[in-house]
Amino acid sequence: MNSYLHDQSFFAVAQKKYVYIYDQDGVEVHKLTNHVEPTRLEFLPYHWLLASVGNAGHLKYQDTSTGQLVASHKTGLGPCSALAQDTHSAVLHLGHQNGRVTLWTPNMAQAAVTLQAHRGGVTALSIDPSETGRYLATAGVDGTVKVWDCRSWGVVREWTTRGGGGEVEWSAKG
């Protein structure tokens, strides 16, 4: 998993043991040893924060302007398999192996919202890119894809797929 930082001159890569930051020429600039066994990365551009979550179930926020670790939250739900950012609020949505989706901010030690989304693990998350950011799409190993209304946390639409898992992503037009 990788993520571009402020612009395309720097990018972060979640490798087996740590997160590494490279410049546009592919030269290693930083090794973030606080981010252990990362599986997913998100960059919050308005806050200059790089967030990672991994096999240990720890969500970590690194300030890319100062290099400081801003927050570290233990989710308590084991390895995390999906991560998505609401670009309007910078709230991170984590999908866990027990079927839960949790919403996190750096200033709260506990999840702001916990949602039982699937019977099995959550494999993918995607947030509506429109101006409202009103909907959340989730996919799970139970073979379902669900669209949630983030205001009431009710299911708006649900599909059953052939086989479990998969990825979900909103189109540019919603």
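## Basis of the description

Contact, as the word is used here, means heavy atoms within 4.5 Å. The structure is a predicted model, in which local features need pLDDT of at least 70 and side-chain atom pairs count only at pLDDT 80 or more, while totals for chains, interfaces and linings use all residues. Residues are numbered from 1 along each chain as its sequence is written, and side-chain values use heavy atoms, with hydrogens and water left out.

## The sheet S5-S6-S7-S8

Four strands, taken as DSSP runs of E with at least two residues and numbered from the N terminus, make up an open sheet in the order S5-S6-S7-S8 with antiparallel pairing, where two strands pair if DSSP finds at least two bridges between them. Strand S5 (38-44) and strand S8 (69-74) lie at the edges and have a single partner strand each, so one side of each is left without a neighbour in the sheet.

Strands S7 and S8 run antiparallel and are joined by 5 bridges, and lysine 60 is found opposite serine 72 in S8. Glutamine 62 also belongs to strand S7 and, at 6% relative accessibility, counts as buried (buried means under 20% relative accessible area, exposed over 50%, and partly exposed in between, with a 1.4 Å probe and protein chains only). The side chain of glutamine 62 reaches the backbone oxygen of glycine 67 at 2.6 Å; beyond residues up to four places away in sequence, glutamine 62 touches, among others, Leu32, His35, Trp48 and Gly67.

## Nonpolar cores

A nonpolar core is a set of buried Ala, Val, Leu, Ile, Met, Phe, Trp, Tyr and Cys residues joined through side-chain atoms within 4.5 Å. The largest such core has 13 residues, of which Leu44, Ala51, Val53, Leu59, Tyr61, Leu92 and Leu94 touch the most other members. At least two residues of this core come from each of strand S6 (49-54), strand S7 (58-63), strand S9 (80-85) and strand S10 (92-96), and S6 gives the most, with 3 residues. A second, separate core consists of 12 residues, including Ala84, Ala117, Ile127 and Leu136.

Tyrosine 61, leaving aside its neighbours within four places in sequence, is in contact with residues that include Leu49, Ala51, Val70, His73, Leu92 and Trp104.

## The sheet S13-S14-S15-S16

Another open sheet has 4 strands in the order S13-S14-S15-S16, again with antiparallel pairing. Its edge strands, strand S13 (122-127) and strand S16 (154-160), each pair on one side only, and the twist averages 20° from one strand to the next. Strand S14 (residues 135-140) pairs with strand S15 (residues 144-149) in the antiparallel sense over 5 bridges, and leucine 136 stands opposite tryptophan 148 in S15.

Threonine 123 has its place in the edge strand S13 and is buried, with a relative accessible area of 18%. Not counting residues up to four places away in sequence, threonine 123 touches Arg40, Ser81, Ala82, Ala139, Gly140, Val141, Gly165, Gly166 and Glu167. The side chain of threonine 123 reaches the backbone oxygen of glycine 166 at 3.1 Å. By comparison, the C-alpha atoms of threonine 123 and lysine 74, which are 49 residues apart along the chain, are separated by 20 Å.

Terms used. Axes are lines fitted to C-alpha atoms, for helices over the stretch in contact, and angles run from 0 to 180 degrees between N-to-C directions. A polar contact is a pair of N or O atoms within 3.5 Å; within protein, one must be able to donate a hydrogen and the other to accept it, and residues adjacent in sequence count only if both atoms are side-chain atoms.
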